[in-house]
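Here is a short note for a colleague opening this structure for the first time. Please keep the model in view while reading the points.

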Amino acid sequence: GGLIIKILKRTAVFEDKDTSPGPPLAQSIKLSIPKKTKLYVDQTLRERENAVAMHRAFQMDLYRLRLRAAREYAKALEASMAPVSADLQEPLKMNAVVQGIGPVFKLTLNVQNTSATRPAINLYVSFLYDEHLYSVKRAFFKVPMLVPGLTYPIVTFVESLSDRGASDTIK
C-alpha cells in the first residue's frame with residue numbers, strides 16, 4: 001500500500017470538472033466564417049480545371065531551379081570559389097553569412113578545419129572587394145589555431161558606398 005498526502009490552502013475552491021469522454025465544450029462553439037467571395041470561387045474553379053497543367057508548370061519550374069543551382073555550383077567549383085579547400089595540406093571548409101538589408105551589412109565567415117587530427121596554424125584571411133563600392137571595417141584577419149571539427153566565426157562589417165544600389169562580389 002501507499003499513502004498520498006496533499007496539503008491544500010484553507011481558501012481552496014473545488015470545482016466539478018466534466019469527466020465525460022469526448023471533445024471539449026469549447027469545440028462546439030460556432031466560429032464566424034466569412035462567406036465565400038466570387039473571386040475565391042472563381043479561383044478554386046480555375047485550379048480544379050487546370051490542376052494538371054498547374055502541377056506540370058510547378059514541376060518544370062522546380063526542375064529549372066535545381067538545374068540552375070547545379071550549374072552555379074559547378075561554376076563555383078571551376079572558379080575555385082568552392083567552400084571546401086582543394087589543398088590537402090590545409091583541409092578547410094568555409095561559408096559566408098551576410099546579415100542586414102541596409103547600407104551596412106554584417107559579414108561572418110565561418111572557417112572549419114576538416115582535418116581528422118592536425119590543427120591548422122598561421123592562416124590569414126583577406127577580403128578582396130571593389131573599394132569604390134564597399135568599405136570593409138576590417139579586411140585582414142589572422143586566424144587563430146583551428147582545432148579539427150570546430151567552426152570559427154570571423155566577423156566584420158561591410159558598408160555599401162553606392163547610392164544607386166550597385167553591388168559586386170566580395171572574395
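Is N122 buried or exposed? N122 is exposed, because its relative accessible area is 56%, over the 50% mark. The model is a predicted one, and the points below should be read that way.

1. **N122 and its loop.** N122 sits in the loop between β2 (104–113) and β3 (123–126). Its phi is near 55°. That is a positive value, in a residue other than glycine.

2. S115 is placed in the loop between β2 and β3. S115 counts as buried, because its relative accessibility is 17% and the limit is under 20%. A polar atom of the S115 side chain lies 3.4 Å from the backbone nitrogen of T117. Leaving out residues up to four places away in sequence, S115 touches P91 and P148.

3. **N113, in strand β2.** N113 lies in strand β2. N113 is buried, at 2% relative accessibility. Its side chain reaches the backbone nitrogen of S115 at 3.0 Å. Beyond neighbours within four places in sequence, N113 is in contact with a list of residues that includes P91, L92, R118, P119 and A120. L146, V147, P148, G149 and L150 are also among the contacts of N113.

4. **The core.** The largest nonpolar core has 17 residues. Those with the most contacts inside this core are L109, L123, V125, F127, V143, L146 and I154. At least two residues of the core come from each of β2, β3, β4 (134–136), β5 (140–143) and β6 (151–160). In soluble globular proteins, nonpolar side chains tend to be buried together.

5. L123 is found in strand β3. L123 is buried, with a relative accessible area of 16%. Not counting residues up to four places away in sequence, L123 touches E90, L92, F141, K142, V143 and L146.

6. **L123 and V143 as a pair.** How far apart are L123 and V143 in sequence, and how far in space? They are 20 residues apart in sequence, and 5.3 Å apart from C-alpha to C-alpha. Seen from V143, with neighbours within four places in sequence set aside, the contacts are L123, Y124, V125 and I154.

7. **A nonpolar patch on the surface.** Which residues form a nonpolar patch on the surface? They are I121, M145, V147 and L150. Together they have about 350 Å² of accessible area. M145 lies in the loop between β5 and β6. M145 is partly exposed, with a relative accessible area of 48%.

8. **Salt bridges, overall.** How many salt bridges does a search of the whole structure find? The search finds three. Side chains of opposite charge can pair when their charged atoms come close. The next points take the bridges in turn.

9. **D42 and K38.** D42 forms a salt bridge with K38, and the closest N and O atoms are 3.4 Å apart. About one helical turn separates D42 and K38, because they are four residues apart in helix α1 (residues 38–49). D42 is partly exposed, at 36% relative accessible area. K38 is exposed, at 64%.

10. **D61 and R64.** The side chains of D61 and R64 meet in a salt bridge at 3.8 Å, N to O. D61 and R64 are three residues apart in helix α2 (residues 51–78), so about one helical turn separates them. D61 is partly exposed, with 46% relative accessibility. R64 is exposed, with a relative accessible area of 54%.

11. **K75 and E72.** K75 forms a salt bridge with E72, the closest N and O atoms being 3.6 Å apart. Both residues lie in helix α2, three residues apart, which is about one turn of the helix. K75 is partly exposed, at 48% relative accessibility. E72 is partly exposed too, at 38%.

Definitions and conventions:
Residues are numbered from 1 along each chain as its sequence is written. This is a predicted model: local features need pLDDT of at least 70, side-chain atom pairs count only at pLDDT 80 or more; totals for chains, interfaces and linings use all residues. Side-chain values use heavy atoms; hydrogens and water are left out. Buried means under 20% relative accessible area, exposed over 50%, partly exposed in between (1.4 Å probe, protein chains only). A nonpolar core is a set of buried Ala, Val, Leu, Ile, Met, Phe, Trp, Tyr and Cys residues joined through side-chain atoms within 4.5 Å. Contact means heavy atoms within 4.5 Å. Patches are made of residues with over 30% relative accessible area and no salt bridge: like charges are joined within 9 Å, nonpolar side chains (Val, Leu, Ile, Met, Phe, Trp, Tyr) within 5 Å. Accessible areas come from the Shrake-Rupley method with a 1.4 Å probe; for residues, only the protein chains shown count as cover. A salt bridge is a side-chain nitrogen of Lys or Arg within 4 Å of a carboxyl oxygen of Asp or Glu. A polar contact is a pair of N or O atoms within 3.5 Å; within protein, one must be able to donate a hydrogen and the other to accept it, and residues adjacent in sequence count only if both atoms are side-chain atoms.
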